[in-house]
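Good morning, and thank you for coming. Please look at the structure on the screen while I go through its strands, helices and open spaces.

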Amino acid sequence: MKKRIHNQTSLFGPDYAYLVVLSPPDDIKADIALIKKELNAIADITEKNVHSIAHITLTDRRTDDEALPEIIKELTSGSKPFPIKVQGWDYFDHKNSVTVYLKINNPEPIIELMISVKSKARTPHISLAKKIPYKTFEVLKPYLEKLEYTAEWTCKEVTVLKKLMSKKELGFKDRVSIPLQ
C-alpha cells in the first residue's frame, strides 16, 4: 500500500495525527520539566526531549477521521477516575538507542485504558529522554541512579491532542478533554 503524503490534497480529507494521553497536574509537569533540564545540563538529550510536556501516552493514531475524539470517548465511557503513582525510573533499550522514563507504580488502570482504546502499548510511563545514544545514557546514569522522584495524582480525564499533518511544525493545537466518570 502506498504511503500517504501528508501535505498532498486528499480525496478523503486532511490527514491528522492524534495523541491520546493522560496528563499530570501542572506542578508535576513543572517538576518533570526541571528533571529534563538537569539531564540536559549533564548531557545533550535534544531540545525535543527537553521541551516535550510530561504525559502518559495511551495511543497515537494518524487518520483523516475527525471523529476520533468521539470514538475515544465511547471506548473509555466505562472508566472511572483512579490514582496514579510515579516512582523510580527505568529505560527501554531500542538496540541502537535508549529511552529513559519514569515508572508508574500502579499501571493496571492505565493498561485497561490502553486496551480499551485499542493500543498495542502495555508499559505506561512518562518519558524523560527518548531515543538517546548509549553514550549519553552512560553519562546520565550516575544522576539517574540518585534520582528519587515520586509523584501522585488522581487521573480524572483522558486528553486527545490533534495536529494537522500539513502543518505539523505547529505541533498539537487542538485538545479535547474526556472526563472519566
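This is a predicted model: local features need pLDDT of at least 70, side-chain atom pairs count only at pLDDT 80 or more; totals for chains, interfaces and linings use all residues.

Strand β3, residues 82-93, and strand β6, residues 150-155, are antiparallel and joined by six bridges. Two terms need explaining here. Strands are DSSP runs of E with at least two residues, helices are runs of H or I with at least four, and both are numbered from the N terminus. Two strands count as paired if DSSP finds at least two bridges between them.

Residues are numbered from 1 along each chain as its sequence is written, and side-chain values use heavy atoms, with hydrogens and water left out.

Strand β3 also pairs with strand β4, residues 98-104, in the antiparallel sense over six bridges. Within this pairing, Phe92 stands opposite Thr99 of β4. Together β3 and β4 make a hairpin with four residues between them, and Lys95 in the turn has a positive phi of about 80°.

Next comes an open sheet of four strands, in the order β2-β1-β7-β8, with antiparallel pairing. Its edge strands, each pairing on one side only, are β2 (56-63) and β8 (174-179). On average, neighbouring strands of this sheet are turned by 20° against each other, direction ignored. Such angles are taken between N-to-C directions and run from 0 to 180 degrees, with axes being lines fitted to C-alpha atoms, for helices over the stretch in contact. Inside the sheet, β1 (residues 16-22) and β7 (residues 157-164) pair in the antiparallel sense over six bridges, and Tyr16 stands opposite Leu164 in β7.

Which strands does helix α3 touch as it packs on the sheet? Helix α3, residues 68-75, touches β1, β2, β7 and β8, and its direction makes about 15° with that of β8. Helix α4, residues 108-116, packs on the sheet as well, touching β1, β2 and β7, and its direction makes about 10° with that of β2. Contact here means heavy atoms within 4.5 Å.

I turn to charged pairs. There are four salt bridges, each being a side-chain nitrogen of Lys or Arg within 4 Å of a carboxyl oxygen of Asp or Glu. One of them joins Asp15 to Arg62, with the closest N and O atoms 2.9 Å apart. Asp15 lies in the segment before β1 and Arg62 in strand β2, so this pair ties together parts that are 47 residues apart in sequence.

Finally, the open space. On a 1 Å grid over the protein atoms alone, a pocket is an open set of points with protein on both sides within 12 Å along at least five of seven lines, a cavity is a set where a 1.4 Å probe fits but cannot get out, and lining residues have an atom within 4 Å of a point. Of the 40 residues lining the largest pocket, Leu19, Ser52, His55, Lys130 and Phe172 lie nearest its centre. The largest share of this lining, six residues, comes from β2. As for cavities, Lys36, Ser52, Ile53, Ala54, His55 and Ser127 line the largest one.
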